[in-house]
Amino acid sequence: MPGDDGQAPAATRRILHIDMDAFFAAVEQQRHPEWAGRPLVIGGRGDPLQRGVVATASYEARKYGIHSAMPLRTAYHLCPDAVFAPVDYREYEQVSAKIKKILRSVTPLLEDVGIDEAYLDVSVLPAPAEDLARDIKQRIRAATGLTCSVGIAPNKLLAKIASDLQKPDGITAIAQSDIPDRIWPLPVRKIPGVGPVTEGRLRAMGVETIGQLAALAPDRLAAAFGPSHGGFLHRAAGGVDQRPLVTHREPKSRSREITFQRDTDDWQAVAKVLAALSREVAAELKREGCRGRTVGVKLRFSDFETHTRERTLKEFTHSPETIRKAAFDCLGRLALTKKVRLVGVRVGDLKREDAR
Ligand code: TTP
Ligand code: MG
């Protein structure tokens with residue numbers, strides 16, 4: 001029987017994790033068929049000699065060692081013959097919306113976790129999960145020309161690990177009984193939530209694989225990482241994850257930021273960019289039917305020192321003029337002592353217009 005929220009009890013859950021393959025790059029290869037099969041790097045403004053980082057790279061480019069978050073210049077040195085193209089979020093968001101619509105038609109029990117991924121709880125559907133996964137892949141391909149990889153498992157954690165195991169264009173099912181053979185040999189970094197810091201500390205304890213992590217006494221993990229993170233690591237290594245899908249999420253804030261091509265000490269230039277960013281955030285809030293009550297500004301200097309200021313307004317707003325004024329007020333409280341590298345604006349404490 002499904003629970004009150006329509007989700008199945010833990011013992012019988014079947015969760016799919018769908019993740020698009022090389023998403024931004026694959027969308028660009030659809031739009032530019034001449035780039036298909038070629039090393040393609042998406043990032044910044046598309047000029048590898050300008051400042052910026054790689055958002056993603058096609059699988060052909062990954063063979064050269066190019067990956068997300070790498071400086072574009074480094075990518076250029078690894079593969080000067082690659083095609084470099086700018087990020088076009090508007091296009092990717094449109095494609096993403098088509099994909100999410102297909103997924104929602106399978107079940108409304110969907111957790112939207114990002115532009116190119118989602119979890120589905122298909123526990124109560126009569127069809128086998130593999131059939132659903134094949135059907136989803138086929139429909140996404142027909143609507144967008146794109147491939148994705150699907151993980152099938154009794155919980156979100158294992159489903160996400162599984163979707164990554166046979167990328168691109170894979171379907172991977174992991175049952176509880178597969179954990180020793182298929183999960184334990186993997187490096188700890190494959191656990192979502194284990195980043196470079198935890199990885200380094202685990203390595204210092206002699207732990208590199210998920211199996212070695214599972215063999216550690218829980219109190220040793222709690223002593224090293226605290227009860228909360230330590231407990232998470234212990235459960236994750238055993239493939240245990242009881243988190244439900246979050247099928248409805250209220251937005252908390254909206255923000256925009258931009259890195260200057262050249263660090264600047266021109267106050268007017270900073271103010272002009274801040275005004276443009278304020279207008280963009282205001283437009284996004286309006287589109288989403290939201291208003292916010294706090295406005296924050298972020299400044300990052302050339303030495304990466306970062307400062308923020310925030311203001312609380314009297315009323316909830318999505319007025320570009322009010323947001324810009326509040327942002328300027330915050331900017332005025334920041335001392336421009338060094339050249340500025342990045343400026344950003346954030347509107348928080350959001351509420352929906354239809355909320356009472
Ligand atoms: P991912 O799903 O992490 O990567 P991907 O879809 O490009 O490749 P994979 O086949 O391995 O799933 O991220 C989805 C998109 O999010 C990606 O296409 C670009 C964007 N992104 C960034 O902009 N910066 C980043 O550091 C990462 C990791 C992703
Ligand atoms: Mg992806």
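## Composition of the ligand shell

In this predicted model, the shell around ligand 1 comprises six nonpolar, two polar and five charged residues. The 13 residues that surround the ligand include Ala22, Thr56, Tyr59, Arg62 and Asp116, which are the closest. Both domain 1 (10-19 + 91-178) and domain 2 (23-89) contribute to this shell, with at least three residues from each.

Backbone and side-chain atoms both take part in the polar contacts with ligand 1. A polar side-chain atom of Arg62 is placed 2.8 Å from an oxygen atom of the ligand. A polar backbone atom of Phe24 lies 3.0 Å from an oxygen atom of ligand 1, while a nitrogen atom of the ligand is 3.4 Å from a backbone N or O atom of Ala55.

Of the 560 Å² that ligand 1 exposes when taken alone, the protein buries 69%.

## The largest nonpolar core

The largest nonpolar core contains 33 residues. Within this core, the residues with the most contacts are Leu16, Ile18, Phe23, Leu103, Leu120 and Ile140. At least two core residues come from each of strand 1, helix 1, strand 2 (40-43), strand 4 (83-85), helix 4 (89-106), strand 6 (117-121), helix 5 (129-144) and strand 7 (148-153). Helix 4 supplies the largest share of the core, namely six residues.

The core draws on domain 1 (10-19 + 91-178) and domain 2 (23-89), each of which provides at least three residues.

## Helix 6

Helix 6 (residues 156-163) is largely enclosed by the rest of the structure, because seven of its eight residues are buried. The buried positions are Lys156, Leu157, Leu158, Ala159, Ile161, Ala162 and Ser163.

At the start of helix 6, the backbone nitrogen of Leu157 has a side-chain oxygen of Asn155 within 3.2 Å. Leu157 is itself among the buried residues of the helix.

## Domain arrangement

The protein chain is divided into domain 1 (10-19 + 91-178), domain 2 (23-89), domain 3 (184-237) and domain 4 (253-352). Taken over C-alpha atoms, the centres of domain 2 and domain 3 are 33 Å apart.

Methods
Residues are numbered from 1 along each chain as its sequence is written. Chains are lettered from A and ligands numbered from 1 in the order in which they are written. This is a predicted model: local features need pLDDT of at least 70, side-chain atom pairs count only at pLDDT 80 or more; totals for chains, interfaces and linings use all residues. Side-chain values use heavy atoms; hydrogens and water are left out. A residue is near a molecule or strand if one of its heavy atoms lies within 4 Å of it. A polar contact is a pair of N or O atoms within 3.5 Å; within protein, one must be able to donate a hydrogen and the other to accept it, and residues adjacent in sequence count only if both atoms are side-chain atoms. Accessible areas come from the Shrake-Rupley method with a 1.4 Å probe; for residues, only the protein chains shown count as cover. Ala, Val, Leu, Ile, Met, Phe, Trp, Tyr, Cys and Pro count as nonpolar, Asp, Glu, Lys and Arg as charged, and the others, Gly among them, as polar. Domain bounds come from an automatic or database domain assignment. A nonpolar core is a set of buried Ala, Val, Leu, Ile, Met, Phe, Trp, Tyr and Cys residues joined through side-chain atoms within 4.5 Å. Buried means under 20% relative accessible area, exposed over 50%, partly exposed in between (1.4 Å probe, protein chains only). Helices (H or I, at least four residues) and strands (E, at least two) are DSSP runs, numbered from the N terminus.
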